[in-house]
Amino acid sequence: MTLSNCSVTVGDWPSLKEQAQAIRMEVFVQEQNVPAELEMDQMDAVCIHAIAYDGAGVAVGTGRLLPDGHIGRMAVRKNARGSGVGGQLLQALMARAHARGDRVLALSAQTHAAPFYQRHGFVIEGDEFFEAGIAHINMVYRY
């Protein structure tokens, strides 16, 4: 399934907070049992955020780019997974990072998602670790 008429909006936290919070709470807190107090943090205010919308204008995915070149909080609603939304979000954040001059991007992927990031040029660095009870692996992308 591909969402051919999916669109991605990139912006600041005040503009995209409502949609990003709703998706992150649904995916991370409700589905994956991440404590809500770990999910929302003070870094949101200084990040560049991306929201993917389906053809009907419903927000189906989100991610953020931190000032130090880390990409995080990538989440796609269950009904849109496997449709290319995650790739579009990731590419939008990578393009924004490149445009501002970032030379290296980093992220902590849930281990099961590492192949997705590898398809976009990220490589694994280091050993698996656990965050909020979920296995993760650090990954980097170098321009």
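Biologist: Starting with C6: what does it touch, not counting residues up to four places away in sequence?

Modeller: This is a predicted model, and in it C6 touches A52, Y53, V85 and Q88, once residues up to four places away in sequence are left out.

Biologist: Where does C6 lie, and is it buried or exposed?

Modeller: C6 lies in the segment before β1, which spans 7–11. Its relative accessibility is 10%, so it counts as buried, the cut-off being under 20%.

Biologist: And C47, buried or exposed?

Modeller: C47 is buried, with a relative accessible area of 5%.

Biologist: Let's do the inside. How many residues are in the largest nonpolar core, and which have the most contacts inside it?

Modeller: That core has 27 residues, and the ones with the most contacts inside it are I71, V85, L90, L105, Y117, F122 and M139.

Biologist: Which elements each supply at least two residues of this core?

Modeller: On the strand side, β2 (48–53), β3 (59–65), β4 (71–76), β5 (104–110) and β8 (134–142) do, and on the helix side α3 (85–99) and α4 (114–119). The largest share comes from α3, with six residues.

Biologist: Pick out Y117 for me. What is it in contact with, leaving aside neighbours within four places in sequence?

Modeller: Y117 is in contact with M74, L90, L107, A109, F122 and M139.

Biologist: And what does the second core include?

Modeller: That one is separate, has 13 residues, and includes A20, F28, V34 and I51.

Biologist: Which elements give two or more residues to the lining of the largest pocket?

Modeller: Those are α1, α2 (36–39), β4, α3, β5, α4 and β8. The element that gives the most is β4, with six residues.

Biologist: How do the lining residues divide into nonpolar, polar and charged?

Modeller: The lining of the largest pocket has 18 nonpolar, twelve polar and six charged residues.

Biologist: Switching to R24. Where is its place, and is it buried or exposed?

Modeller: R24 is in helix α1, residues 13–31.

Biologist: What is R24 in contact with, leaving aside its neighbours within four places in sequence?

Modeller: The list is W13, V29, E39, M40, D44, H49, T62, R64 and R73.

Biologist: R73 then: where is its place, and what is its phi?

Modeller: R73 is in strand β4, and it has a positive phi of about 55 degrees although it is not a glycine. For background, most residues other than glycine have a negative phi.

Biologist: Last one, N33. What is its phi, and where does it lie?

Modeller: N33 has a positive phi too, about 60 degrees, and is not a glycine either. It lies in the loop between α1 and α2.

Biologist: Is N33 buried or exposed?

Modeller: Exposed: N33 has a relative accessible area of 60%, and the cut-off is over 50%.

Note on methods:
Residues numbered from 1 in each chain as written. Predicted model: local features only at pLDDT ≥ 70, side-chain atom pairs only at ≥ 80, totals over all residues. Heavy atoms only, no water. Core = buried A, V, L, I, M, F, W, Y, C linked by side-chain atoms within 4.5 Å. Buried < 20%, exposed > 50% of the residue type's maximum accessible area, 1.4 Å probe, protein only. Helix = DSSP H or I, 4+ residues; strand = E, 2+ residues; numbered from the N terminus. Contact = heavy atoms within 4.5 Å. Nonpolar A, V, L, I, M, F, W, Y, C, P; charged D, E, K, R; others polar.
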